[in-house]
Amino acid sequence: MSESAEGVDDRDDRRLPPGQAVRTTRHRALHYGPVPAFRPEKWDFRVMGATADLGSYRWTWDEFAALPRSGAVSDFHCVMRFSIPGVAWAGVSSAELVAAAPPGPDVTHVMAWGEYGYSANLRLDDFLREGVLLATHRDGAPLPAENGHPLRLVVPHLYGWKSVKWLRAVEYMTADRRGFWEERGYHNRAEAWSEQRFSHQEEAGQGPPL
Ligand SMILES: Nc1nc2c(c(=O)[nH]1)N[C@H]1C(S)=C(S)[C@@H](COP(=O)(O)O)O[C@H]1N2
Ligand SMILES: [Mo]
């Protein structure tokens with residue numbers, strides 16, 4: 001197997017978005033800030049903002065674990081140019097969440113909120129794309145703590161920073177607003193196949209003002 005010093009194998013990268021290579025070495029989990037502790041009795045998950053009935057929704061850990069589940073296999077693309085092919089995720093699909101907590105008619109975007117205020121904005125149609133999961137499991141096992149336990153978002157067609165780990169809430173929005181990295185120079189939409197890495201690449205109208 002031809003492998004470069006950086007531990008990437010770019011021989012068979014035709015299935016990958018441009019500028020990406022398969023990472024073959026085990027990698028350190030990537031995130032900003034510390035790994036939060038999971039306290040099941042304190043944990044909840046919320047849907048808030050512009051819901052159809054203008055109320056907000058809250059699930060305890062036991063309630064969330066009882067929602068209908070599904071799985072999806074997808075490739076994961078980090079903006080740092082490595083990809084992890086064929087990750088098997090399981091959890092609650094975004095479609096299932098939206099069925100349980102319907103958005104109002106004017107909702108165009110969502111903000112995914114993690115612990116400690118980490119956030120990422122998504123177009124509603126990107127959030128509802130096939131394969132988007134609120135995942136509790138990866139490759140058949142509960143998520144390791146550093147990979148988002150007990151719950152993370154997975155949005156395979158967007159760069160990895162949109163896949164919020166330690167997910168605690170989804171906010172329905174009637175206008176776009178930048179999340180954590182989108183305010184700090186990264187692309188508002190972050191579609192990996194069109195290589196939307198940085199905010200300076202945004203066309204007029206692709207995002208709210210910086
Ligand atoms: N809460 C939170 N989620 C996060 C991040 C973060 O810093 N905080 N980093 C993102 C980035 S840049 C990537 S590439 C992936 C990495 O996921 P992994 O550690 O499971 O490989 O998590 C994403 N989700
Ligand atoms: Mo990343």
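Reply: Start with a definition. A nonpolar core is a set of buried Ala, Val, Leu, Ile, Met, Phe, Trp, Tyr and Cys residues joined through C-beta atoms within 7 Å. The largest such core here has 40 residues. A112 and L134 have the most contacts inside it. Keep in mind that this is a predicted model.

Me: Which elements give two or more residues to this core?

Reply: They are β3, β6 (82-93), β7, β8, β9 (133-138), β11 (152-154) and β12. In general, nonpolar side chains tend to be buried together in soluble globular proteins.

Me: What does A112 touch, not counting residues up to four places away in sequence?

Reply: A112 touches S119, A120, L122, L153, V164, L167 and V170. For a contact, the C-beta atoms must lie within 7 Å.

Me: How do you know how confident the predictor is?

Reply: The chain has a mean of 92, and 91% of its residues reach 70 or more. Over residues 1-5 the pLDDT is below 50. That stretch has 5 contacts in the model beyond near neighbours in sequence. Where pLDDT is low, the predicted coordinates should not be read in detail.

Me: Why is strand β7 called largely enclosed?

Reply: Count its buried residues. A residue is buried if 20 or more other C-beta atoms lie within 10 Å of its own. In β7 (residues 109-114), 6 of the 6 residues are buried, so the strand is largely enclosed by the rest of the structure. H109, M111 and W113 point one way, while V110, A112 and G114 point the other way. Side chains in a regular strand alternate between the two faces of the sheet.

Me: What makes β7 and β8 a pair?

Reply: At least two bridges are needed for a pair. Here 5 bridges join β7 to β8, and the two run antiparallel. M111 has N121 as its bridge partner in β8. The two strands form a hairpin with 4 residues between them. In the turn, Y116 has a positive phi of about 60°.

Me: How many bridges join β7 to β12?

Reply: There are 6, and these strands also run antiparallel. A112 stands opposite V170 in β12.

Me: Which strands pair with β9, and how do you know?

Reply: Count bridges again. 5 bridges join β6 to β9, 3 join β9 to β11, and 2 join β9 to β10. At least two are needed, and each count meets that. In these pairs, S93 stands opposite L133, A135 faces R152, and H137 stands opposite P142. β9 is mostly covered, with 5 of its 6 residues buried.

Me: Is D139 buried or exposed?

Reply: D139 has 11, so D139 is exposed. D139 lies in the loop between β9 and β10. Its phi is positive, about 50°, although D139 is not a glycine. Most residues other than glycine have a negative phi.

Me: Why does W166 count as buried?

Reply: The cut-off is 20 or more. W166 has 25 C-beta neighbours inside 10 Å, so W166 counts as buried. Phi of W166 is also positive, near 50°. W166 lies in the loop between β11 and β12.

Me: Why does W161 count as buried?

Reply: W161 has 23 C-beta neighbours inside 10 Å, so W161 passes the cut-off of 20. W161 is found in the loop between β11 and β12. Leaving aside neighbours within four places in sequence, W161 is in contact with V79, A120, W181 and Y186.

Me: What makes the peptide bond from H149 to P150 cis?

Reply: Look at omega. For this bond, omega is near 5°, and the bond is cis. P150 sits in the loop between β10 (141-142) and β11. Most peptide bonds are trans.

Definitions and conventions. Residues are numbered from 1 along each chain as its sequence is written. Chains are lettered from A and ligands numbered from 1 in the order in which they are written. This is a predicted model: local features need pLDDT of at least 70, side-chain atom pairs count only at pLDDT 80 or more; totals for chains, interfaces and linings use all residues. A residue is buried if 20 or more other C-beta atoms lie within 10 Å of its own, exposed if 12 or fewer, and partly exposed in between; C-beta atoms are placed from the backbone. Two residues are in contact if their C-beta atoms, placed from the backbone, lie within 7 Å. pLDDT is the predictor's confidence in each residue, from 0 to 100.
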